[in-house]
Amino acid sequence: MRVATDIGGTFTDLVYLDENGRIGTAKSDTTPPNFEQGVIDVIKKSGISPEAITTFIHGTTVIINALTERKGAKTGLITTKGFRDVLEIARGNRPDLFNVRYKKPEPFVPRYLRLEVSERLNYKGEVITELAVEEVKAAVEQLRNEGVEAIAVSFLHAYANPLHEKLAVEIIKEVWPEVAVTASHEVTREWREYERTSTAVLNSYVKPIASSYIDKLDKHLQKIGVNGNKYIMQSNSGTTTFEQSKETPINMVESGPVAGIFGAAILGKTLGEKNIIAFDVGGTTAKCSLIDNGEVRVTTEYRIERDDRNAGYPIKIPVVDIVEIGNGGGSIAWIDDAGSLKVGPQSAGAMPGPVAYGRGGENPTTTDANLVTGRLSPKNFQNKVNMDAVKQAIDEKIAKHFGISVEEAALGIIRIANSNMLNALKLISVRKGYDPREFSLVAFGGGGPMHASALAKELGVKKVIIPVAASVFSAWGMLMTDLRHDYIQTYIRRVNELNLDELNSEWHQLEKEALKQYSQEGITEDKVLFVRYADMRYVGQEHAVKVPVPSGVMDETAVQEMISRFHNLHEKHYTFKLDGAPTEIVNLHLTAFGVVQKPEIARLENVGDNAEEALKEVRPVLFEEHGWVDTKVYSREVLNAGSVIEGPAIVEEQSASTVIYPGQTLVVDEYGNLIINTGV
């Protein structure tokens, strides 16, 4: 049995898939700061036997939380003489150009903990100045005296030759074996001194916390009898072993969210939908990503805490291209200083949660608003909902300010939340030159199905897909993943001057490195699949485009195919191409998949329209532009494949509700997915 668990801001989700392709789910409260307890709780709640778990896959927010809440280890940096302030200097292209009060992000390592040592390589990786061993030892001793818990090592041009970094790490481990240490080449072999140093520092910053968390989780799992293979979800949409994740935990920075995006791509392939907009609304955030022609876009230009006023902190690792905003079911509705209604980014979280949870929450949230408008039913909550308290919170905090009814205020909260989510969806579609009308929207998370139909209609999307186990779909996505490692090497060469023997040697070296790593993880060579990319650009350009590269031995035909793909992709991304203009390679990117056996998704056994049998009740629901409408409410668990429902309607399941607007139609497909025709 394959089991996946995903820790969210409010709930910890579990999905299991048995050998017959049947799916089971469970949900329990997230338990900060002891997140591993929430995982054990949800396993027990699911009722499955721990001994039956052959593969366990885990997604976690521990890393991103440690970074954003500044709860990592006290970290020191050892770098090349003259480069102590690279974190301080950062980049000059600040985002908020006309803000005279703009401040650069404060480095995670203060200046007194950034130490220099004598060593130098040139851009080719050739040694100019040998590493001063005694200076490294002195730097380590100084950091030890300062109470440092982790050390990052980042030397100039180490991406071209990690010789000095490897030697420095050996020295550190020799004189101080207990300290957590990261060399930049261990997490990224791309150029860009600032970004590479930042990535190494952040990996060291979270390394002790990650090791502690994974060890505790592993111990708890073993205690209850989970002895199968254990994997961690990575930000590149693949998985890795528990042991490897402790070495490079920065690869887990978007561990949970990307699994849902990958799951949407897999579901799209199953249903014959190549163009997908994945849309995930949880308790704290809404996340979305665009899947073009079945491909999940992965980038190394990821930054945490980046917005229109802050440059954020770069992490140069492969991360699924995702837009995330602070709008979820637990997002708080509030009035700003100008008297305008806002929703999020503040969240009620798991504790105390929305007012409806009855745990002491006093601020109205999106969930509370959906209750008042009839989109959610008090009967579908685990606790007894005090509707008077919910209405009172909306009345006191929102309605009285505007002199409107509680119901109008609740609908206003939903409209603002939808507007915020719509902006995020436009960022990954319209703003990047894609026509949403050519895509289907896969909506999941506890709140995705509730908001998807309205947003799709606004965007012009014709089809919405609500998958089975929608509220725990990110965990479902983990079940469909393979092991994945990315190997990126800066390799700047003009294409018309390529030495094919040298190029093939570079690819061979990357593949050799991948096979060695998988061998250590118990994956045989016949289970490893390679996919190649090259980051390419026109000579003189700054930005590059990731281009699929033919596999096997590269010859002139393969090179010309690579150039042709680059021109076409450049036109797609930037609206123009320069046929005949000289091009160059910037990075070689090898993705190595460790393919694991996965059961097929089971089809529904019952076929035939039984919507009337699934009807639970009729209740009034408040719709934009339509007012209060008597609306049929159906039980998703009862619906057969082939059932057809005309809007307005609501389809309820244990932890999610799908809203179908007037003029829209829902059909249940053979796998149990809800397919909504939005009427546009």
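Helices (H or I, at least four residues) and strands (E, at least two) are DSSP runs, numbered from the N terminus. The model on display is predicted, so local features need pLDDT of at least 70 and side-chain atom pairs count only at pLDDT 80 or more, while totals for chains, interfaces and linings use all residues. Residues are numbered from 1 along each chain as its sequence is written, and side-chain values use heavy atoms, with hydrogens and water left out.

Select phenylalanine 576 first. This residue sits in the loop between helix 16 (556–574) and strand 28 (583–594). Phenylalanine 576 counts as partly exposed because its relative accessibility is 35% (partly exposed lies between buried, under 20%, and exposed, over 50%; 1.4 Å probe, protein chains only).

Next, turn to the cavities. A cavity is a set of points on a 1 Å grid where a 1.4 Å probe fits but cannot get out, and lining residues have an atom within 4 Å of a point. The whole structure holds 2 cavities of 30 Å³ or more.

For the largest, of about 90 Å³, select helix 7 (residues 193–224), which gives the most to the lining, with 4 residues. Tyr194 and Pro105 are among the lining residues.

Finally, select Arg2, Thr55 and Val596, which are among the residues lining the second largest cavity, with about 30 Å³ of space.

Conventions. On a 1 Å grid over the protein atoms alone, a cavity is a set of points where a 1.4 Å probe fits but cannot get out, and a pocket is an open set with protein on both sides within 12 Å along at least five of seven lines; lining residues have an atom within 4 Å of a point. Grid points are joined across faces, edges and corners, and a volume is the space filled by probe spheres set on the points.
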